[in-house]
Amino acid sequence: MAEAQERSRTIVVDDKIHTWPHLVRGEFLVTIFVMVAMTLWSLLVDAPLEEPANPARTPNPSKAPWYFLGLQEMLVYFDPWYAGVVLPTFIIIGLMVIPFIDINAKGNGYYTFKERKWEILTFVIGFHILWVVTIIIGTFFRGPGWNLFWPWQRWDPHKVVALTNVDLPYIVGLRDYWAQAGFGLFLVLLYYVVSTWLFYKWVIWIKGKEFMVRWGAVRFAITSFLFITMIGLPVKMFLRLVFNIKYIMVTPWLNI
Amino acid sequence: MINLEQIKKDIVESQVWKSIFRHGYEDTPRNRVLMVTGNVWMHLHPAKVRRHAVRMRFTWCMGGLTFLMFLLTVVTGIYLMFYYRPVPQYAYADMKYLEFDMPFGMLMRNMHRWAAHAMVIFVWLHMFRVFLTGSYKPPREFNWIVGVLLLVLTLLLSFTGYLLPWDQLAIWAVTVGSNMARATPLLGHEGPFAEFVGANPIYDARAFLFGGGDIGPHTLLRFYILHCIFIPLVASLLMAVHFWRIRRDGFSGPPL
């Protein structure tokens with residue numbers, strides 16, 4: 001903030017230029033260029049049209065439109081209520097609260113990595129790594145039965161993949177219904193409590209105590225909850241891929 | 001001898017001409033401003049902009065190109081609407097008709113589809129650019145929220161349009177995409193706690209979206225109206241707010 005004010009005192013130049021012609025000219029040229037590109041693309045590549053709709057014949061695999069394949073890929077690791085409804089809601093809310101949880105006054109209106117390292121890294125984890133990579137996996141690496149195939153591999157609809165996933169409470173030896181549910185709930189709560197504590201320590205370590213005071217409890221709570229929830233996805237992916245864990249929490253109503 | 005100068009003067013100074021064009025074309029600072037403020041379309045811009053804010057390496061042109069893709073889908077979409085009937089008996093046949101019999105039908109359909117895909121990519125890149133330049137920081141927090149809503153609407157526009165060809169790709173992609181809705185906690189019949197609300201296959205969140213328990217004629221009509229009227233209308237209103245707020249809050253850039 002102080003630096004921004006410092007700047008405002010030192011650099012008082014009117015760097016404004018007329019929209020017409022300077023901006024309009026650029027817009028016009030880019031429009032022409034993009035329209036030519038779109039026309040060529042449309043002349044060369046036809047939009048797909050398959051056989052008529054047939055509700056009685058389900059294709060294998062059935063894929064959602066490509067921009068939703070990240071969500072469909074998440075269905076491998078979480079149940080639909082979470083991967084398809086709760087997480088997307090958190091993504092939208094999370095995007096909306098960004099301007100309010102980011103109180104770093106620096107980096108407003110210019111490119112900088114140094115002044116907003118952690119903010120940018122968080123965005124890259126969420127957008128480039130989790131969202132875009134899952135879309136790429138869902139689009140190019142998933143075949144019949146939603147099994148993994150290399151893009152150059154033939155899709156074998158009879159590929160046999162052993163289902164060896166086990167619930168975590170079962171692995172640790174719990175057989176009782178309620179003990180399993182209680183243990184799972186405990187683990188999920190523990191994940192949030194421990195992660196929140198780690199997040200708190202981490203923020204103080206990289207940003208300092210003074211920042212935490214300015215940031216406030218509400219901003220910290222929202223940010224840490226959303227961040228920990230986001231990191232929950234790669235955590236579950238890791239548990240599934242490495243330890244074949246199906247669910248961490250199993251209850252009659254919902255599983256995580 | 002025809003006096004061209006005199007004819008030009010007569011036209012340009014006529015009451016009709018002056019009622020349409022309020023200013024001359026001489027390249028004067030006054031006319032440059034009037035070109036923008038005196039024209040409803042150009043009026044989207046401020047009369048003057050910060051020099052760095054029009055640079056392509058700052059904006060990547062992504063916001064403008066997203067809008068261009070929207071306009072392109074509107075124009076090609078209206079063309080397609082002349083030949084398409086949102087009824088299962090006709091929808092697929094109309095697609096074939098469009099592709100093989102209509103002048104420029106295939107080109108318009110290709111352009112509509114590719115522009116829709118491009119719009120999704122451009123809007124994501126626009127969000128990434130705005131994040132990188134910190135352009136959501138005060139005073140532009142609210143416009144970022146409007147932008148997130150527009151991002152969601154872009155995905156919904158694309159998704160609702162996906163069903164309209166009424167081929168295998170369309171109904172199964174939409175089936176997979178919408179199956180999430182039936183897992184909505186409380187409101188979807190397969191979601192957690194649905195039994196407490198009384199959600200069932202023909203009375204839950206997905207049925208509301210589909211207009212019935214399964215994809216059928218009602219769904220096609222519903223998605224058609226959402227795609228052609230409702231969502232474009234809402235998106236247009238939000239775009240008006242989005243563009244207006246850019247002007248009000250100033251094009252982002254380092255503080256002067």
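Does B:Leu237 count as buried or exposed, and how many C-beta neighbours does B:Leu237 have inside 10 Å?

Analyst: The model is a predicted one. B:Leu237 counts as exposed, because it has 10 C-beta neighbours inside 10 Å and the cut-off for an exposed residue is 12 or fewer. B:Leu237 is part of helix α12 of chain B, which covers residues 217–249. B:Leu209 is 28 residues away from B:Leu237 along the chain, and their C-alpha atoms are separated by 22 Å. In soluble globular proteins, nonpolar side chains tend to be buried together.

The chain that holds this residue comes next. Chain B contains 12 helices and one strand. Starting at the N terminus, its elements follow the order α-α-α-β-α-α-α-α-α-α-α-α-α. The radius of gyration of chain B is 24 Å, well over the 18 Å that the globule rule gives for 256 residues, so chain B is more spread out than a compact globule. Its C-alpha trace spans about 80 × 55 × 30 Å along the principal axes. Of the 256 residues in chain B, 43% are buried. When contacts in chain B between residues at least 6 apart in sequence are considered, 58% join residues at least 24 apart.

Chain A can be described in the same terms. Chain A has nine helices and one strand, in the sequence order α-β-α-α-α-α-α-α-α-α. Chain A has a radius of gyration of 25 Å, well over the 18 Å from the globule rule for 256 residues, so chain A too is more spread out than a compact globule. A box of roughly 70 × 60 × 30 Å along the principal axes holds the C-alpha atoms of chain A. In chain A, 21% of the 256 residues count as buried.

The two chains meet in a contact that involves 72 residues from chain B and 64 residues from chain A. On the chain B side, the elements that give two or more residues are α3 (29–37), β1 (48–50), α5 (62–81), α6 (88–100), α7 (105–132), α8 (141–163) and α9 (168–179). Helix α7(B) supplies the largest share of that side, with 12 residues. By residue type, the chain B side consists of 47 nonpolar, 15 polar and 10 charged residues. Strands also join the chains: β1 of chain A (residues 16–18) and β1(B) pair in the antiparallel sense over three bridges. One of the residues involved is A:Lys16, whose bridge partner in β1(B) is B:Arg50.

Leaving aside residues up to four places away in sequence, B:Ile171 touches A:Ala53, A:Pro55, B:Leu163, B:Trp166 and B:Ile215. B:Trp166 is in the loop between α8 and α9 of chain B. With 24 other C-beta atoms within 10 Å, B:Trp166 is buried, and its phi is positive, near 55°.

A few other loop residues are worth checking. B:Phe104, in the loop between α6 and α7 of chain B, has a positive phi of about 60° although it is not a glycine. B:Phe104 counts as exposed, with 12 C-beta neighbours inside 10 Å. Most residues other than glycine have a negative phi, and most peptide bonds are trans. In chain B, the peptide bond from B:Pro138 to B:Pro139 is cis, with omega near 10°; B:Pro139 sits in the loop between α7 and α8. In chain A, a cis peptide bond with omega of about 0° joins A:Asn60 and A:Pro61, and A:Pro61 belongs to the loop between α2 (19–44) and α3 (69–74).

B:Pro185 is found in the loop between α9 and α10 (194–197) of chain B. B:Pro185 counts as partly exposed, with 17 C-beta neighbours inside 10 Å. Not counting residues up to four places away in sequence, B:Pro185 touches A:Trp81, A:Val85, B:Gly191, B:Pro192 and B:Phe193.

Notes
Residues numbered from 1 in each chain as written. Chains lettered and ligands numbered in written order. Contact = placed C-beta atoms within 7 Å. Helix = DSSP H or I, 4+ residues; strand = E, 2+ residues; numbered from the N terminus. Nonpolar A, V, L, I, M, F, W, Y, C, P; charged D, E, K, R; others polar. Pairing = 2+ DSSP bridges. Buried ≥ 20, exposed ≤ 12 C-beta atoms within 10 Å, placed from the backbone. Rg over C-alpha atoms; globule rule 2.2 N^0.38 Å.
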